[in-house]
Amino acid sequence: MKDYSKSKLNRIKRGQIRATYDVEKINSILDAGFIAYVSYMYQDRAITLPMAYGRKEDKIYLHGSQANRMLLALLEAKQMSMTVMHLDALVLARSGLHHSVNYRSATLFGSIKNLEDPKEKEDALACFMEHMMTGRWDGIRPMHKKELDRTMVVEMTIETASAKIRDVGVGDEPEDYNLNVWAGLVPLKQVAEYPIPDKGLPQKMEIPKHVLNYYQQNKYDA
């Protein structure tokens, strides 16, 4: 088991019982999602935006246009931070103070660089696409050179990270457990609905296996 080293940057101070620095656990949080919240500075203002990402080992890939304000600001800073969070349940307690949520949250810190080599860019975009849906990259047409040229792809090397996980039940005051108040968990999850083909030729085609596999793995099971 490998842990990220702790420092003032990534050390969790509040709720340390829920903290983890375990690389494998943090990667599992990253791989369970597709959207991160990325922070940057623009004209002395702090801005946070949701961004889709891909991960391969200790690398995170983001992409946008060559004029993307956020990516340009990150490249100028040479450092970046991003957070991924999954909401797993509402925790309904007997008192307002002890209401909470179950969640998995990971925050990453690292250095960033612009990928300019066409092969590196294409490999990074393939990673991004496969993170979204396994098998999708091989199911689409190859990228045109002009598309690759007008796309900026940046690579973040994760240098340190930390995560917080709450996966337990209600934590009420001892004297409240006999109150006539309902308490418990309301589990939450994101689900996939049956694929809807685009107009035209896709309406006459069989849905690709990789799309159906994604649906089967993420559909709602009553």
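Biologist: Let's start with K119 and D123: in which helix do both lie?
Modeller: Helices here are DSSP runs of H or I with at least four residues, strands are DSSP runs of E with at least two, and both are numbered from the N terminus. K119 and D123 are four residues apart, about one turn of the helix. The helix that holds both of them spans residues 118–132 and is α3.

Biologist: Before we go on, what pLDDT must side-chain atom pairs have to count?
Modeller: Residues are numbered from 1 along each chain as its sequence is written, and side-chain values use heavy atoms, with hydrogens and water left out. This is a predicted model, in which totals for chains, interfaces and linings use all residues, local features need pLDDT of at least 70, and side-chain atom pairs count only at pLDDT 80 or more.

Biologist: Thanks! What is the N to O distance where the side chains of K119 and D123 meet?
Modeller: A salt bridge is counted when a side-chain nitrogen of Lys or Arg is within 4 Å of a carboxyl oxygen of Asp or Glu. The side chains of K119 and D123 form such a salt bridge, with an N to O distance of 2.7 Å.

Biologist: Is K119 buried or exposed?
Modeller: Buried means under 20% relative accessible area, exposed means over 50%, and partly exposed is in between (1.4 Å probe, protein chains only). D123, the partner of K119 in the salt bridge, counts as partly exposed at 41%. K119 has a relative accessible area of 52%, so K119 is exposed.

Biologist: How many residues apart are D149 and K145 in helix α4?
Modeller: Their side chains meet in a salt bridge, at 2.8 Å from N to O. D149 is partly exposed at 42% relative accessibility, while K145 is exposed at 62%. Helix α4 covers residues 145–149, and D149 and K145 are separated by about one helical turn because their spacing is four residues.

Biologist: How many salt bridges are there by this rule?
Modeller: The K119 and D123 pair is one example, and the D149 and K145 pair is another. By this rule, the count of salt bridges comes to seven.

Biologist: How many residues apart in sequence are the parts tied together by K113 and E155?
Modeller: K113 forms a salt bridge with E155, and their closest N and O atoms are 3.8 Å apart. K113 lies in strand β7 and E155 in strand β8, so in sequence the parts that this pair ties together are apart by 42 residues.

Biologist: Is E155 buried or exposed?
Modeller: K113, its salt-bridge partner, is partly exposed at 44%. E155 has a relative accessible area of 11%, so E155 is buried.

Biologist: Which residue is the bridge partner of A106 in β8?
Modeller: Two strands pair if DSSP finds at least two bridges between them. β7 (residues 100–115) pairs with β6 (residues 79–92) in the antiparallel sense over twelve bridges, and V84 stands opposite A106. β7 also pairs with β8 (residues 151–166), again in the antiparallel sense, over 13 bridges. In β8, the bridge partner of A106 is A163.

Biologist: What separates the C-alpha atoms of F109 and T157?
Modeller: F109 lies in strand β7 and is buried, with a relative accessible area of 16%. F109 and T157 are 48 residues apart along the chain, and their C-alpha atoms are separated by 8.3 Å.

Biologist: Which strand gives the most to the nonpolar patch?
Modeller: Patches are made of residues with over 30% relative accessible area and no salt bridge, joining like charges within 9 Å and nonpolar side chains (Val, Leu, Ile, Met, Phe, Trp, Tyr) within 5 Å. M85, L87, L90, V186 and L188 form the nonpolar surface patch, with about 350 Å² of accessible area together, and such areas come from the Shrake-Rupley method with a 1.4 Å probe; for residues, only the protein chains shown count as cover. One of these residues, L90, is partly exposed at 32%. With three residues, the strand that gives the most is β6.

Biologist: And one last thing: in which loop is E57?
Modeller: E57 has a positive phi of about 55 degrees although it is not a glycine. E57 is exposed, with a relative accessible area of 61%. Its place is in the loop between β4 (54–56) and β5 (59–65).
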